[in-house]
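Subject: A structure for you to explore

Hello! Here is the structure I promised to pass on to you. Have a look around it before you read my notes.

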Amino acid sequence: MGGAYLPDLTLVLPEGILVVTAFLILMTGVFRKSTNPQVQQRFGHVALSGLIVALGALIFYHHPAERWISFEGQLLQDDFVYLGKILILSGSAAVVGISLASMLKEHLLSFEYCALILLATVGMLLMVGANDFLSLFMGLEIQSLSLYVLVALKRDQTIASEAALKYFVLGALATCFYLYGASLMYGFSGSTNFEAIATIIRMESAGNFPLSLFMSLIFIMASFSFKISAVPFHMWTPDVYQGSPTPITAFIAATPKIAAMLVFLRLMLEPFMTLYDEWQSLVAFLSLFSMVLGAFAALRQTDLKRLLAYSAIGQMGYMLLGVVAGTDEGIQAVLIYLTLYLVMIIGTFACLLCLRGKGSYGVQNIEDLAGISTLHPKVSFALAIFMFSLAGIPPLGGFFAKLYIFKAALSAGFFGLAIAGALASVVAAYYYLKIVKVMYFDDAPKVPSASYGQIVVLPLKMALILNACALVTLLFFVFPNPILEIVQRAAFTFSG
Amino acid sequence: METLAVLVVFLPLLGAILSSVLDHRSSQAVTCGLMALAAIFASILFVKVGLQEKTLLIPLFTWIHVEFFEVSWGLQVDSLSLVMMAVLTLISFLVHVYSVGYMKGDRSIPRFMAYLSLFTFFMLTLVTAPNFLQMFFGWEGVGLCSYLLIGYWYDRESANAAAMKAFLVNRVGDIGFVLGVLTIFVLFGTVDFLSVFELVEDYKDETFTFFGGHYHALTLATLFFFVGAMGKSAQIGLHTWLPDAMEAPTPVSALIHAATMVTAGVFLVVRISPLLEYAPLAREFITLIGAVTALMAATIACVQNDIKRIIAYSTCSQLGYMFMAAGLSGYSASMLHLTTHAFFKALLFLSAGSVIHAMSDEYNIQKMGGIWKYVPLTYVLMWIGSLALAGIPFFSGFYSKDMILEVDWVSNLPVGKVAFVFGISAAVLTAFYAWRLLLLTFQGAPRADEAVMSHIHESPLIMLIPLMVLGAGSLFSGYVLYDLFVGESTSFWGTALFVLPENEVIGAAHHVETWVKWSPILATLVGIGLAYYLYVFAKSWPERLSIAFSTVYTFLLRKWCFDEIYDWIFVRPSLKLAKVLWKEGDQKMIDGLGPNGVAALSVAGGRLLCRFQTGYVYHYAFAMIIGLVLMIGCYFWL
C-alpha cells in the first residue's frame with residue numbers, strides 16, 4: 001500500500017510509460033505536421049520502444065506470488081495479471097513490429113496510429129489489472145474507443161468506415177450491457193469491488209440467489225462475450241476483420257482478445273465463482289456454439305481475414321471450454337491456449353503482412369496465395385506451420401493447446417462438449433489445410449491479380465518476430481516448461 | 001554344428017539384405033558367395049548330423065508368449081530337414097550362378113538376386129521350423145517371394161496377372177494351413193512338432209462335433225494341412241497357378257516352381273507323418289488326389305506347345321507321384337523322388353532356359369527344331385534330364401519312380417491299386433511328352449526363321465556349369481541315395497518319419513512280383529516309342545489325330561478347362577459382387593452418406609450460417625439482444 005495521499009505508483013508504471021510515450025508522440029506529431037515517411041517510421045519506433053520499456057518495467061517491478069493492491073483497491077497485480085500484462089505488452093509490441101512496414105506501404109503509418117495503439121494497450125493493461133467494476137470499465141472504454149478509431153484509420157475507404165461504425169454501434173451496445181450489469185451488481189451488493197462482491201455472494205445461501213444477481217451475471221457475461229466474439233455476440237467480428245486494414249486486424253485479433261478473455265476468466269472465477277453451477281451451462285452453450293459456428297461458417301469463406309475471423313470465433317470457443325471446466329487444470333489450459341494462440345495468430349498475420357501484391361495491396365483472398373510455395377518457400381512454410389498448428393495437428397503447439405483443453409474438459413466431466421469440440425476441430429481442419437493446399441498444390445495464376453502475393457517485404461524486425469513465433473509453435477512440445485511454469489503460477493492465483 | 005545350422009539359414013537373408021543396397025555386379029558376387037557358403041555348410045551338416053543319425057534342436061528366441069501359449073523361434077535339424085536343406089542350398093546356389101548368365105542385361109539385377117536369396121531364406125525357415133507357426137511364416141514367405149518373382153517383369157501385364165493368380169490360389173491353400181494349425185492348437189494346446197507328435201497316440205480317437213456331426217479330429221487336421229499342401233504343390237483343383245507362373249524368369253521356374261517351393265507341400269505331408277498314420281481316410285484322399293493329378297497333368301503336357309508349360313505340367317504330375325507315395329505311408333520313397341526330381345527338373349528347366357536363350361526368347365516348340373548341332377551340350381543335358389524324368393534304368397528318376405509304383409502296389413489301402421494304374425498310365429504319358437519335347441525342339445527340320453537360326457549359339461559357361469552339375473545329379477543321385485533313403489536296413493530317417501508297423505510298405509516294396517518291377521520300364525519304352533513314331537516316322541499323324549479327336553484335343557489343350565470353369569464359378573461372380581459393393585456399397589452408401597455426405601452437409605451448414613451474416617448492423621444488434629434474452633431464458637428454464 002502506498003502513502004495516505006499518493007497510491008503506490010509503481011503498480012501502474014508500465015501504463016504510465018505508455019501514456020507518456022503516447023502523449024509525446026501525439027504532441028510531436030501535432031506540432032511537426034510532417035508527412036515524411038521517415039518521420040512516421042520514427043514514431044513507430046518510439047512506440048515500439050515505449051512498449052518494450054513498459055514490458056521491462058513490468059518485469060522489473062513484479063512481486064511474485066503476492067497480491068499487490070493499490071489505488072484504494074481499484075487495481076491489483078498478481079501472477080495472473082502479470083502473465084496477462086506480459087502477453088498484452090509483448091503481443092502489442094510484436095504486432096507493431098510486424099505492422100510498420102506494411103502500414104508504411106499502404107500510407108497508413110501516422111503518429112495517430114502509434115498513439116492509439118499505445119492507448120489501446122494502456123486500456124487493456126488496466127482491464128486485466130482491474131479489481132473493481134469501475135476501473136474495469138475505464139480500461140474497457142480506453143481500449144474500445146482506441147480500437148474504433150484504429151479500424152476507421154483508412155477513412156477514405158467505405159468498407160473500413162462501415163466496419164468502424166458497426167464496431168462502434170455494437171460495441172456501445174455491449175458497453176450498455178456491461179454498465180447495466182455492473183449497476184445491478186452494485187444494487188445487489190452495494191459495492192463495485194470484486195473481492196467485496198465475492199464475499200457478499202459467498203454469504204448468500206446456495207439455490208436462493210436473488211434475481212438481480214443473475215441478471216447482473218448474464219449482462220456482464222454477454223458484454224464480455226461480445227469482446228471475445230463468442231456466438232451469438234460474434235456478428236461484428238468477420239465484418240470488422242475484413243474491413244480494417246490488415247495491420248489493424250492483426251492488432252484486433254491478437255491482444256484485445258487476450259485481454260477480454262483474461263477479464264472474463266477473472267470475473268467468472270473470482271466474483272462469480274460461487275455461482276459456478278449457474279454460469280457453467282451458459283458458458284458451455286457459448287463455447288459449443290462458438291466452436292461449431294467457427295468451424296462451419298468458415299468453410300466457404302474466400303477472404304483470408306474473414307476466414308481468420310471465424311477461426312478466432314472457433315478458437316475462443318475452445319478456450320471457453322476450459323473456462324467451463326472451471327478447475328485448476330481448466331484455467332491452466334485456457335492460459336496455455338491463450339499464449340499459444342497469441343503466438344500463432346501473430347505469426348499468421350506476419351506471414352500475411354509480408355506477402356504483398358504489386359502496388360500497395362496486401363494479400364486479400366485465399367487465391368492470392370495460390371502456388372506461392374515455389375515463389376516464397378520460407379514464408380509458405382511458416383504459414384503452413386501456423387495453419388497446421390491452428391488446425392491442431394501434432395506435434396505443433398496448437399495441438400497441445402487443444403489437448404490440454406480437452407483433457408481438462410474430460411476430467412471435469414464435460415464429455416459431450418469435448419467430443420463436440422473434437423468434431424468441430426475436424427471440420428475446421430478443412431479450411432486451415434485448404435490454405436496449405438492452395439499454397440503448395442495449386443498453380444500460380446497466369447495473370448496475377450493486383451493482390452496476388454508476388455512480393456515479400458520482410459524487414460529484419462518482422463523476420464525475427466516471424467521466426468520466433470514459428471519456433472515457439474514448432475518447439476513447444478520439446479520445451480514446454482517456460483510457458484507451463486508461468487501458467488501454473490498464474491493459475492495458482494485462483495486455487496491458492 | 002549349431003552355429004553352422006544358424007548360418008545356413010541366415011546367410012541367404014544376409015545376402016538378400018546386402019543385395020538390396022549393392023550394385024548389380026557386387027550383388028551377384030555377394031549372393032552367390034553367401035549361397036555357396038550356405039551350400040557347403042549344409043553339406044557338412046548333412047554328413048556330420050544327418051549321416052550320424054543325430055537331431056539338433058536349436059532354440060533362438062521366444063516369438064509369441066501369451067499365458068500358456070508359447071511359440072519359440074528355433075531350428076529343428078533332423079534328417080528330413082537336412083535333406084531339404086542340402087538339396088535347397090545346392091540348387092539355389094546353382095540357380096544363383098546360372099542367373100548371372102541368364103539375367104545379363106536385365107535392368108534390376110540386385111532386386112532379382114535379393115528375391116532369390118530371400119526366397120532361399122524363407123524356404124530354409126520353412127524346412128527347419130520346429131513348430132507349425134514358424135513353418136507357416138516360411139510358408140507365407142516363400143509364397144511372397146514366389147509372387148514377387150513371378151511378377152518380376154512388372155511391366156508385363158501377363159506377369160502381373162500370373163503373380164496375382166499365384167497369390168490368390170495359394171491363399172486358398174494357406175487358409176487350409178491356418179485351419180490346420182488352429183485345429184492342432186485346439187486339440188493339443190501346443191503347436192510344437194515334438195510335443196504334438198509325442199501326444200498324438202493319446203488323441204488318436206478324439207472327435208470334433210460340428211452341427212451335430214462327429215468328425216475324427218486328426219483326419220480333419222491332416223486334411224486341412226493337405227489343402228495347404230495342394231495349394232503350394234499345385235495339386236488338382238489348386239494347380240492352375242503353376243503353368244501361369246512360368247511368366248517368371250526361367251531360373252525362378254527352376255528353383256521355385258520345380259525344385260523347391262512346390263515341394264513344400266510334400267515336405268509338409270511328410271513332416272506330419274505321425275498325424276497321418278492315424279488318419280487313414282486322409283491318406284486315401286491324398287493318394288487319390290496325387291494319382292489324379294499325376295495323370296491329369298501328364299495328359300495336358302502331351303499337347304502343350306510352350307516349352308516351359310510342358311515342363312510345368314510335368315512338375316505338377318511328378319508332385320502327384322510324390323503325394324501318391326506319401327499317402328500310402330511311403331514317406332521315404334516320396335522324399336527320394338523329391339530329391340531326384342529336384343535335380344532333373346531343375347536341369348530340364350535350366351536347359352529349357354538355355355534353349356530359350358539360344359532361340360532369342362522363343363517359347364513355342366512348334367517353332368523350334370533342328371537345333372541340336374548348334375547347342376550340343378544343352379542337347380545332351382536335356383537328354384539326361386528327360387531320361388531321368390522318364391525313369392530309364394540307372395538314371396535317378398528310375399529309382400524313385402519305381403519305388404513309388406512298387407509302394408502303390410504293395411499298399412494295404414484299397415486306393416493303392418488305383419494309384420498304381422494311374423501311375424503306370426502317367427508314366428507312359430511322361431515318356432511321351434518328354435520325347436515329344438526333345439524331338440520337336442532339337443530334331444527334324446528347323447522351323448524358326450532365318451534371323452533366329454543365324455543367332456543360335458550355345459549358352460555361356462556360367463550357365464553351362466550349373467547345368468552340368470545338375471546333370472551329374474540327375475545321373476547319380478538316385479543310385480547314391482537309394483540305399484540311404486529307402487534301403488531295406490536304413491535307419492537314416494530316425495524319428496523324423498513315423499510309420500505304424502501295420503502300414504509299413506517300404507520293406508515290402510522291395511519284394512514285389514517281377515512284372516510289377518518291369519511294368520514302369522515297359523510303360524516308359526512304350527511312351528518313347530510312341531513319341532518317335534508320331535514325331536519322326538509319321539509326322540502327319542499328330543495333326544490328323546488332333547482333328548479326328550478334336551474334342552479330346554481341345555479339352556486337353558484348354559487344360560481340362562479348369563481356368564474357364566473357375567472363371568465362370570469364382571472370378572466373374574466375385575468381380576460382379578465386388579463391382580456392386582464398390583459402386584453401390586462403397587461409393588454410394590459409405591462415401592455418399594459418410595465422408596462425402598458429411599462434407600456436403602458441412603458446406604451446406606456453412607452456407608446457412610453465412611446467410612445470417614447479412615451485413616446489417618441492426619440484424620447484428622438483434623442477434624445480440626436475442627442472445628441475451630436466450631441466456632436469461634436459459635436461466636429460468638434450467
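Predicted model: local features only at pLDDT ≥ 70, side-chain atom pairs only at ≥ 80, totals over all residues.

Residues are numbered from 1 along each chain as its sequence is written, chains are lettered from A and ligands numbered from 1 in the order in which they are written, and side-chain values use heavy atoms, with hydrogens and water left out.

**Chain A in outline**

Chain A has 19 helices and 4 strands. Both are DSSP runs numbered from the N terminus: helices are H or I with at least four residues, strands are E with at least two. Of the 496 residues in chain A, 64% are buried. Buried means under 20% relative accessible area, exposed means over 50%, and partly exposed is in between, using a 1.4 Å probe and protein chains only. Chain A exposes about 17,700 Å², and carbon and sulfur atoms supply 68% of that area. Accessible areas come from the Shrake-Rupley method with a 1.4 Å probe, and for residues only the protein chains shown count as cover.

**The cores**

In soluble globular proteins, nonpolar side chains tend to be buried together. A nonpolar core here is a set of buried Ala, Val, Leu, Ile, Met, Phe, Trp, Tyr and Cys residues joined through side-chain atoms within 4.5 Å. The largest one has 218 residues, and Phe132(B) and Leu275(B) have the most contacts inside it. Helix α15 of chain B (residues 331–358) gives the most to this core, with 17 residues.

Which residues does Leu275(B) touch, not counting those up to four places away in sequence? Among them are Phe132(B), Ile184(B), Phe188(B) and Val196(B). Contact means heavy atoms within 4.5 Å. A second, separate core has 212 residues, including Leu18(A), Leu83(A), Leu108(A) and Phe214(A).

**A nonpolar patch on the surface**

Now look at the surface of chain B. Tyr533(B), Val536(B), Phe537(B), Trp541(B), Leu545(B), Phe549(B) and Val552(B) form a nonpolar patch there, with about 690 Å² of accessible area together. Patches are made of residues with over 30% relative accessible area and no salt bridge; like charges are joined within 9 Å, and nonpolar side chains (Val, Leu, Ile, Met, Phe, Trp, Tyr) within 5 Å. Helices α22 (514–537) and α23 (541–548) of chain B each supply at least two of the patch residues, and α22(B) gives the most, with 3 residues. Phe537(B) is in helix α22 of chain B, and it counts as exposed because its relative accessibility is 64%.

**Where the chains meet**

In the interface, 23 residues of chain B are in contact with 34 residues of chain A. The two chains bury about 2,500 Å² between them, 82% of it on carbon and sulfur atoms. Buried area is the accessible area (1.4 Å probe) that two parts lose on being put together, summed over both.

**Salt bridges**

How many salt bridges does the rule find across the interface of chain B and chain A? The count there is 0. A salt bridge is a side-chain nitrogen of Lys or Arg within 4 Å of a carboxyl oxygen of Asp or Glu. Over all chains, the count comes to 24 salt bridges.

Arg356(A) forms one with Glu106(A), the closest N and O atoms being 3.2 Å apart. This pair links distant parts of the chain, with Arg356(A) in strand β3 and Glu106(A) in the loop between α3 and α4 of chain A, 250 residues apart. Arg356(A) is buried, at 3% relative accessibility, and Glu106(A) is buried too, at 12%.

In chain B, the side chains of Asp78(B) and Arg271(B) meet in a salt bridge (2.9 Å, N to O). Asp78(B) lies in the loop between β2 and α3 and Arg271(B) in helix α11, so the pair ties together parts 193 residues apart in sequence. Asp78(B) counts as buried at 4% relative accessibility, and Arg271(B) at 2%.

Happy exploring!
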